[in-house]
Amino acid sequence: MRKAICLDEKDNVVTAVSIIKSGEQILYSHNQLNNITLTVKDEVPLGFKIAVTDIRENAPVIKYGEVIGKTTKEISKGSIVHTHNLKSIRGSKNTFVEGGC
Amino acid sequence: MMQEFSGYLRENGEVGVRNHVAVLSAMDNCNGIVKKISSQVRYVLPITVWYGRTQYSDNGDLTYFNSLVGLMSNPNIHSVLVVSLESVSAKKLCTAISKKTGKRAKYIAVQEEGNSISAVAKGIEICTNLLSIASEVKLEKFDLSYLTIGVECGGSDTSSGLSANPALGRIADIVINAGGKVILSETSEILGAEHILAKRAINDRVKEKLLTIVRNIEMETVKNGINISEINPSPDNKAGGLTTLEEKSLGAIIKGGSSPLQDVIEFGETPKEPGFFVMDTPSPASESMTGLSAGGAQIILFATGKGNIIGSPISPTIKVTGNPNTVEYFGPNIDFDVSSVFLGLQTLDDIKVDLLDFLIKIASGKKTRSEILGDEEIVLKPVPLAI
C-alpha cells in the first residue's frame with residue numbers, strides 16, 4: 001500500500017497517507033514519475049508533508065502544482081514540512097505591499 | 001441510466017427532499033416559545049435565532065431579514081409558523097415568504113395573544129393544522145436537475161483535499177451535467193486559490209466579482225490588524241497536517257468540481273440558473289451552511305478530515321471523510337467513507353457511483369447522521385450596525 005501521495009510533477013512535497021518511521025524508505029509516483037524512492041528523515045504523522053528535494057530558505061513550497069507558502073528556513077530532502085519551517089504568503093500587510101493579487 | 005430521487009413538489013415548482021413544517025423565531029426573545037411549541041407537537045422543525053429585534057427596518061441592511069426569508073423559502077420546508085414579539089415584523093416575514101414561494105406562512109405575535117402561555121397554545125393549534133396539511137403531500141420522482149447542492153468542508157485536514165473534497169467535486173460535476181445547481185461558499189477559504197476559480201468564470205464580470213470578494217476579505221483583515229493566515233488554518237487543521245491557508249484553499253475549492261463559474265452570489269441568494277456558483281459567506285461551517293440553506297440548497301455535501309459534527313437543520317448534511325482514523329473514531333458522525341481513495345485502494349471514479357447513490361438515498365428520505373443526532377444549527381450574524 002502506498003505511504004505517500006504526490007499530486008503534481010511540480011510539487012516539492014508529498015503527503016504521508018500513513019505514519020512513516022524515521023529512516024524509512026518510501027516510494028511515490030505521479031503520472032510520469034514512477035516509484036521514486038525517498039528516505040524519510042523524521043517520524044511523520046498521517047497527513048503531514050515531506051520535502052522531496054532540498055528547499056532553500058524563503059523559497060516557495062509547491063503542492064497541487066501551486067505555491068502554498070514560503071519556507072522560513074532551509075529544509076532538507078526527507079524532512080517534515082509544516083508550521084516550523086513553512087508560512088503563508090497571503091493575508092499580511094506584505095501581500096499588498098508586494099502587489100500580490 | 002437517468003438518476004431520480006423521491007421528493008415533494010412545491011407551489012413554485014421547486015422540489016423538497018424533506019417536508020418540514022418550520023416554527024421560526026423572528027427574534028431571539030421568542031426562542032422559548034418556539035422550543036415549547038416544538039416540544040408539544042411531533043415532527044415540527046424549530047428554528048431559533050440570536051438577534052433580530054432591530055433587523056426589520058425598511059431603510060436598513062436587509063441581509064438578516066432576507067436570510068430568514070431565504071431559509072423559510074427553502075423547498076425542504078412545506079409551511080411556516082413565524083413567532084414574533086410584535087406583529088409588524090411577523091407580517092413582513094410572512095408576506096415575503098408567501099410572495100417568494102406561494103407557501104403557507106402563518107404567524108403569532110405574543111403581544112396580540114396576550115402572553116407567552118396563550119401564544120404557545122395558539123402556536124400548537126396552528127402547527128397541528130399545518131402538519132395535517134403537509135402530511136397529504138405525496139412523494140414523486142424527480143431527476144437531478146431539481147437539486148441544488150451546497151458543498152462545504154469543516155474540520156479539514158490534508159486528507160480533505162486529497163480524497164473527500166475531490167469526491168464531492170465529482171458529484172458536483174454529475175449534478176451540474178444533469179442540469180442541477182451547485183454552490184461553493186466560504187470566501188476566506190478561496191484565498192490562495194482564487195486564480196484557479198477565476199479562470200473558470202464565464203466572463204470578466206464574474207471573474208472580477210470573485211477576485212473582489214476574496215480581496216475584500218484579505219484587505220479587511222489586514223486593515224483590522226488580523227493576520228488571517230494565523231487564525232485559518234485552525235488548530236485542528238494544523239494538527240491534521242495543513243500548514244497554510246493557501247494549502248487549505250487549494251484543497252477546499254476542489255469540492256466545487258470543474259464546471260464553469262456561472263456567477264458569484266451574495267449570502268443567502270438563490271442561484272437563478274443551473275450550474276456552478278460561489279456564494280460569499282463566512283468560513284465557519286454553521287454560518288456558511290446557513291447561507292447555503294437560505295440560497296435553496298436541499299442537500300449539503302460536507303467533507304471533513306479531523307471531524308466536524310455540525311449540519312444544517314434545513315438541508316440534510318452528508319458527512320464525507322477520507323481520513324481512516326476519523327472513520328474509526330468519529331464513525332457515528334460520518335455518513336460516507338472515502339478513505340479507500342486516500343489510501344490509494346480505490347480511485348475517485350470507483351467511488352463516485354456509490355456516493356451518488358448515497359446522495360439519492362438521502363434525497364429520497366434516508367436520514368443523515370447529523371439529522372438523527374440533532375447536531376444542527378442556524379447561525380445568522382446581525383448586520384454590523386446592530387443598534
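Modeller: A residue is buried if 20 or more other C-beta atoms lie within 10 Å of its own, exposed if 12 or fewer, and partly exposed in between, with C-beta atoms placed from the backbone. This is a predicted model, in which local features need pLDDT of at least 70 and side-chain atom pairs count only at pLDDT 80 or more, while totals for chains, interfaces and linings use all residues. Residues are numbered from 1 along each chain as its sequence is written, and chains are lettered from A and ligands numbered from 1 in the order in which they are written.

Biologist: Which exposed residues does the face of helix 15 of chain B turned away from its buried side carry?

Modeller: That face carries B:D350, B:V353 and B:D357. Helices (H or I, at least four residues) and strands (E, at least two) are DSSP runs, numbered from the N terminus. The buried residues of helix 15 of chain B are B:I351, B:L355, B:L359, B:I362 and B:A363.

Biologist: How does the span of helix 15 of chain B agree with its 16 residues?

Modeller: The expected span is 1.5 Å times one less than the number of residues. For residues 348-363 of chain B that should give 22 Å, and the end C-alpha atoms are 22 Å apart, so the two agree. Just after helix 15 of chain B, B:G365 takes a positive phi of about 125°.

Biologist: Why does B:F302 count as buried?

Modeller: B:F302 has 31 C-beta neighbours inside 10 Å, and therefore counts as buried. B:F302 sits in strand 12 of chain B. Not counting residues up to four places away in sequence, B:F302 touches residues including B:E152, B:C153, B:T317 and B:V320; contact requires C-beta atoms, placed from the backbone, within 7 Å. B:F302 and B:V151 are 151 residues apart in sequence, yet 6.1 Å apart in space, C-alpha to C-alpha.

Biologist: What makes strand 10 and strand 14 of chain B the edge strands?

Modeller: Two strands pair if DSSP finds at least two bridges between them. The open sheet has 7 strands in the order 10-11-9-8-12-13-14 (chain B), with parallel pairing. Strand 10 and strand 14 of chain B each pair on one side only, and these are the edge strands. Strand 10 of chain B is joined to strand 11 by 4 bridges, with B:L261 opposite B:F276. Strand 10 of chain B is mostly covered, as 5 of its 5 residues are buried.

Biologist: How many residues of chain A are in contact with chain B?

Modeller: The contact involves 28 residues of chain A and 26 residues of chain B. Strand 7 of chain A gives the most to the side of chain A that touches chain B, with 4 residues.

Technical notes: Contact = placed C-beta atoms within 7 Å.
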